[in-house]
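User: I am new to this structure and would like to understand the words used to describe it. Could you take me through them with care?

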Amino acid sequence: MKCTFCGNQAVYLRPYDKLSLCVQHLNEQMRKRVQKEITKNKMFGRKDRIALGISGGKDSVALLDILHKIEKNFPESEIVAITIDEGIENYRDEGLLYAKKHVSKLGLEHHIYSFEKDFGYGLDEIIRILGERGKKREFGACTYCGILRRKLLNNAAKEIDADVLVTAHNLEDEVETILLNIIRGDIQRLTRLNPKPKKIHESLVPRAKPFRSTPQAEIVMYCVINDLEYQEIQCPYSVEAYRGEVREFIFKTQEKQPMLSFNILRGQDKFLNLIEGGHTKGELKECEKCGEATAGKICKSCWLKEQLDSR
Ligand SMILES: [Zn+2]
Ligand SMILES: [Zn+2]
């Protein structure tokens with residue numbers, strides 16, 4: 001198999017457009033797609049302090065590498081790494097190791113926050129206190145983890161004075177979230193999935209996902225061809241996720257319809273255009289306890305804290 005662009009030995013055949021790519025051209029295609037996503041959605045300003053959440057998994061490791069290459073052209077902007085330690089035994093330590101390794105190799109600032117230190121309870125402890133799923137505990141572990149991770153990432157981004165908070169969600173992650181919102185009938189939330197970073201509330205740092213149109217398979221390939229080590233084992237709690245079924249649907253259907261995820265993502269962007277940017281500021285209130293934006297009286301993280309403290 002020869003590279004469509006240069007005729008050198010190809011390492012990857014893109015299933016959706018049948019382009020075969022050599023190492024150099026796969027790298028170039030990946031970087032171009034991220035760059036286009038950033039430009040099209042005005043994700044960064046020239047002097048931005050960019051907070052990047054890095055877990056040590058393939059997505060964040062690859063995004064760090066690509067963003068660092070892109071940012072070389074913008075000397076006034078800066079990438080700062082944030083890692084959240086959820087407190088998951090036999091899992092988080094390995095990811096943290098890879099995160100530290102890649103960040104220090106590039107000589108970037110690295111801030112590590114932990115559920116235990118910054119919230120009062122680690123995830124293992126939370127699950128132990130709340131008990132077995134379906135009996136005493138209402139939601140899967142990922143729900144609690146997601147609430148706290150979002151909160152801590154935002155707090156961290158505020159503390160380090162970041163202009164924008166970047167996460168490494170890839171194409172299939174984004175499509176999964178879109179489908180889940182549709183399945184739940186949560187159109188409100190669908191309108192908030194906006195690719196353009198927006199200051200929707202004083203307490204929230206605008207967010208960006210430069211990998212939102214990059215397929216997972218290409219990210220894995222990128223790590224392999226660039227010798228980027230990452231954590232491969234799955235989180236022990238991932239078996240509890242409802243997301244799993246939707247995820248399976250996406251990857252299975254994609255085998256026969258390689259454009260599936262791109263089509264859904266494009267549909268979402270068209271939908272946002274139709275409603276002209278979506279979410280309005282007025283709908284968010286301030287949490288009575290911590291002041292962060294919430295739709296209810298108190299935010300989900302304060303709600304969880306109350307539950308845990310009372311047991
Ligand atoms: Zn080539
Ligand atoms: Zn709160």
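User: In which helix is Q29 found?

Analyst: Q29 is found in helix α1, where helices (H or I, at least four residues) and strands (E, at least two) are DSSP runs, numbered from the N terminus. This is a predicted model, in which local features need pLDDT of at least 70 and side-chain atom pairs count only at pLDDT 80 or more, while totals for chains, interfaces and linings use all residues. Residues are numbered from 1 along each chain as its sequence is written, chains are lettered from A and ligands numbered from 1 in the order in which they are written, and side-chain values use heavy atoms, with hydrogens and water left out.

User: Why is Q29 called buried?

Analyst: Buried means under 20% relative accessible area, exposed means over 50%, and partly exposed lies in between (1.4 Å probe, protein chains only). Q29 has a relative accessible area of 16%, so Q29 counts as buried.

User: What makes the meeting of Q29 and R14 a polar contact?

Analyst: A polar contact is a pair of N or O atoms within 3.5 Å; within protein, one must be able to donate a hydrogen and the other to accept it, and residues adjacent in sequence count only if both atoms are side-chain atoms. The side chains of Q29 and R14 make such a contact at 3.2 Å. Leaving aside neighbours within four places in sequence, Q29 is in contact (heavy atoms within 4.5 Å) with F5, R14 and L21.

User: Why is α1 called oblique to α9?

Analyst: Two packed helices are described by the angle between their axes and the distance between the axes. The axes are lines fitted to C-alpha atoms, for helices over the stretch in contact, and angles run from 0 to 180 degrees between N-to-C directions. Angles under 35 degrees count as roughly parallel, over 145 as roughly antiparallel, 65 to 115 as roughly perpendicular and the rest as oblique. Helix α1 (residues 23-40) and helix α9 (residues 216-225) pack at an angle of about 130°, with their axes 11 Å apart, and that angle makes α1 oblique to α9. The residues that meet are V23, L26, N27, M30 and R33 in α1 and E218, I219, M221, Y222 and I225 in α9. By class, the residues of this contact divide into seven nonpolar, one polar and two charged, where Ala, Val, Leu, Ile, Met, Phe, Trp, Tyr, Cys and Pro count as nonpolar, Asp, Glu, Lys and Arg as charged, and the others, Gly among them, as polar.

User: How do you know that α1 and α2 are roughly perpendicular to each other?

Analyst: α1 and helix α2 (residues 58-71) pack at an angle of about 70°, with their axes 10 Å apart, and the two helices are therefore roughly perpendicular to each other. Here M30, R31, V34, Q35 and I38 in α1 meet I66, L67, K69 and I70 in α2, a contact with six nonpolar, one polar and two charged residues.

User: What makes α2 and α9 roughly perpendicular to each other?

Analyst: α2 and α9 pack at an angle of about 70°, with their axes 9 Å apart, so they too are roughly perpendicular to each other. The contact is made by K58, D59, A62, D65, I66 and K69 of α2 together with Q216, I219, V220, Y222 and C223 of α9.

User: How do you know that Y222 counts as buried?

Analyst: Y222, which lies in helix α9, has a relative accessibility of 2% and therefore counts as buried. Its side chain makes a polar contact with the side chain of D65 at 2.7 Å. Leaving aside neighbours within four places in sequence, Y222 is in contact with residues including N27, M30, A62 and D65.

User: Why is K305 called partly exposed?

Analyst: K305 has its place in helix α12 (residues 300-309), and with a relative accessible area of 28% K305 is therefore partly exposed. Not counting residues up to four places away in sequence, K305 touches F119, G120 and Y121.

User: What makes S203 buried?

Analyst: S203 sits in the loop between α8 (187-192) and β7 (207-208), and because its relative accessible area is 9%, S203 is buried. A polar contact of 2.7 Å joins the side chains of S203 and H201.

User: Why does N90 count as exposed?

Analyst: N90 lies in the loop between β4 (78-85) and α3 (92-105), and with a relative accessible area of 72% N90 is therefore exposed. Most residues other than glycine have a negative phi. N90 has a positive phi of about 60° although it is not a glycine.
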